[in-house]
Amino acid sequence: MSVDTIIKESTEKMAQSVEVLKKEFSTMRTSRATPSILDRITVNYYGSETSLHHVASISAPDAKTILIKPHEKTLLGEIEKAIQKSDLNLNPLNDGNFIRLPIPPLTEERRNDLVKTAKKKSEDFRIAIRNVRRDANEAIKALEKKSEITQDQSKKTVERIQKLTDEYILKINQVYEAKEKEILGK
């Protein structure tokens, strides 16, 4: 393994951590109606669990409502049950053609809980990034020990990995701060 490979793989892993955090945050409920909060919902579709997005069209006609139009009307009851069972605390309204999901404003207590959850998730991803740094540094030290790179190259590469780590930790912090503002409605 070369220094360039170590840096490239570390960068990819750190970038992937940021993307996964963004995706996880997109499924967290806030005061705004966003179809992505339904990403984790699955529906019993002819005996198999299928993502809601595969069996229905989902839109947000306004900031306080999500509209779900199943491809087959027979799925209305299944979709309604799946939403009620979820941890979203939403009350679906089935009118026979569509399911409307009114998004009520969050209570202060619920907002604080969501901020704590977001903070914990972002910390988990900061740890993941630091673990990537640790693994990269160990690989660099191994190359130095095998005399495949010099001590100077090793030191410069470790510094470069630290800069990458700082850069991606900053990105994690920015993603968290944006989600915190969204949750708190600022």
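Predicted model: local features only at pLDDT ≥ 70, side-chain atom pairs only at ≥ 80, totals over all residues.
Lys-171 is partly exposed, with a relative accessible area of 32%. Glu-167 is partly exposed too, at 38%.

Helix H5 also holds Glu-182 and Lys-179. These two sit three residues apart, again about one turn. Their side chains meet in a salt bridge of 3.6 Å, N to O. Is Lys-179 buried or exposed? Lys-179 counts as buried, because its relative accessibility is 5% and the cut-off for buried is under 20%.

## A linked network

Side chains of opposite charge can pair when their charged atoms come close. The side chains of Glu-123 and Arg-130 meet in this way, in a salt bridge of 2.9 Å, N to O. Glu-123 is partly exposed at 30% relative accessible area. Arg-130 counts as partly exposed at 29%.

Which residues are linked in a network of salt bridges? They are Glu-123, Arg-126 and Arg-130. The salt bridge count for the model comes to eleven.

## The largest pocket

The largest pocket holds about 160 Å³ of space. Which element gives the most to the lining? Helix H3 does, with four residues.

The lining includes Arg-40, Ile-41, Asn-44 and Glu-49. Glu-78, Lys-81, Ala-82 and Lys-85 are also among the lining residues. By class, the lining has five charged, three polar and three nonpolar residues.

## Positive phi in two loops

Most residues other than glycine have a negative phi. Tyr-46 has a positive phi of about 50 degrees, although it is not a glycine. Where is Tyr-46 found? Tyr-46 is in the loop between S1 and strand S2 (48-51). Tyr-46 is exposed, with a relative accessible area of 67%.

Ser-147 also has a positive phi, near 65 degrees, and is a residue other than glycine. Ser-147 lies in the loop between helix H4 (108-145) and helix H5 (151-184). Ser-147 is exposed, because its relative accessible area is 63% and the cut-off for exposed is over 50%.

Key. Residues numbered from 1 in each chain as written. Heavy atoms only, no water. 1 Å grid on protein atoms, 1.4 Å probe; cavity = no way out; pocket = protein on both sides within 12 Å on 5 of 7 lines; lining within 4 Å. Points joined across faces, edges and corners; volume = space filled by probe spheres on them. Nonpolar A, V, L, I, M, F, W, Y, C, P; charged D, E, K, R; others polar. Buried < 20%, exposed > 50% of the residue type's maximum accessible area, 1.4 Å probe, protein only. Salt bridge = Lys/Arg side-chain N within 4 Å of Asp/Glu carboxyl O.
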